[in-house]
Amino acid sequence: MKKILTAAGCFMAVATLLTISCKPAGEKPENVATDFLTAYLAADFNKAAGFCTNQLSGELKEAVKEIENLDEPLKKQIQASTATFAPQIDKIEKLGKGDTLIINYSVVSKDIDSTSNIVADVIKSSLMIVRVDAAGWKVLKLNK
């Protein structure tokens, strides 16, 4: 009986280790950065704030208040202007142990000339992203 319990205990331990080791590593930092930038460029600051640390989230929520106070035609003009842009991740640089990354990106025009496949860079910049837990990343700073 003791051998059966020992074997069952070993089996459970191995099964637990396999389950833990097979879990996905979480959201990729470049996906978080792209989702953040897509929302940010669309002037959807409430959605963008969800990808940020508490401090940056608070700053974006203040920006929402300013946008909400604009005249409706101006809001629509801003949304129409920013709708033509898309983020493109260029390079990821690790800082320290890799829990903080600098994401270099370009903001490119979605409007492609029909005679060529060239997408013109509009802006080149970077942001800082930090690992907040084993499964997640948050944007810490813009224009780092």
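Is Asp90 buried, partly exposed or exposed? At 36% relative accessibility, Asp90 counts as partly exposed; here buried means under 20% relative accessible area, exposed means over 50%, and partly exposed lies in between (1.4 Å probe, protein chains only). Before the close-ups, please keep in mind that this is a predicted model, where local features need pLDDT of at least 70 and side-chain atom pairs count only at pLDDT 80 or more, while totals for chains, interfaces and linings use all residues. Residues are numbered from 1 along each chain as its sequence is written, and side-chain values use heavy atoms, with hydrogens and water left out.

**View 1. Asp90 and Lys124 form a salt bridge between two strands.** The N to O distance here is 3.7 Å, and a salt bridge is a side-chain nitrogen of Lys or Arg within 4 Å of a carboxyl oxygen of Asp or Glu. The pair links distant parts of the chain, with Asp90 in strand β1 (residues 85-95) and Lys124 in strand β3 (residues 121-133), 34 residues apart. Helices (H or I, at least four residues) and strands (E, at least two) are DSSP runs, numbered from the N terminus. While Asp90 is partly exposed, Lys124 is exposed, with a relative accessible area of 59%.

**View 2. Asp99 forms a salt bridge with Arg131.** The closest N and O atoms are 3.5 Å apart. This pair also links distant parts of the chain: Asp99 belongs to the loop between β1 and β2 (100-109), Arg131 belongs to strand β3, and 32 residues separate them. Both partners count as partly exposed, Asp99 at 40% relative accessibility and Arg131 at 35%.

View 3. Glu72 is partly exposed, with a relative accessible area of 43%, whereas Lys75 is buried at 18%. In total, the structure holds four salt bridges.

**View 4. The largest nonpolar core has 22 residues.** A nonpolar core is a set of buried Ala, Val, Leu, Ile, Met, Phe, Trp, Tyr and Cys residues joined through side-chain atoms within 4.5 Å. Phe36, Cys52, Leu60, Leu127, Ile129 and Val139 have the most contacts inside this core. At least two core residues come from each of α2 (29-41), α3 (45-49), α4 (54-68), β2, β3 and β4 (136-142). Helix α2 gives the most, with six residues. In soluble globular proteins, nonpolar side chains tend to be buried together.

**View 5. Three residues, Phe36, Tyr40 and Phe45, form one aromatic cluster.** Rings of Phe, Tyr and Trp (its six-membered ring) pair if their centres lie within 6.5 Å; planes under 30 degrees apart count as stacked, over 60 as edge-to-face and the rest as tilted. The structure holds two aromatic pairs. In one of them, the rings of Phe36 and Tyr40 have centres 5.5 Å apart and planes at 25 degrees, so the pair is stacked. Phe36 and Tyr40 both lie in helix α2, four residues apart, about one turn of the helix. Phe36 is buried, with a relative accessible area of 0%, while Tyr40 is partly exposed at 29%. The rings of Tyr40 and Phe45 have centres 5.4 Å apart and planes at 65 degrees, so this pair is edge-to-face. Phe45 counts as buried at 11% relative accessibility.

**View 6. Strands β1 and β2 form a hairpin with four residues between them.** The two strands pair in the antiparallel sense over 10 bridges; strands pair if DSSP finds at least two bridges between them. Ile89 stands opposite Tyr105 in β2. In the turn, Gly96 has a positive phi of about 60 degrees. Nine of the 10 residues of β2 are buried, so this strand is largely enclosed by the rest of the structure.
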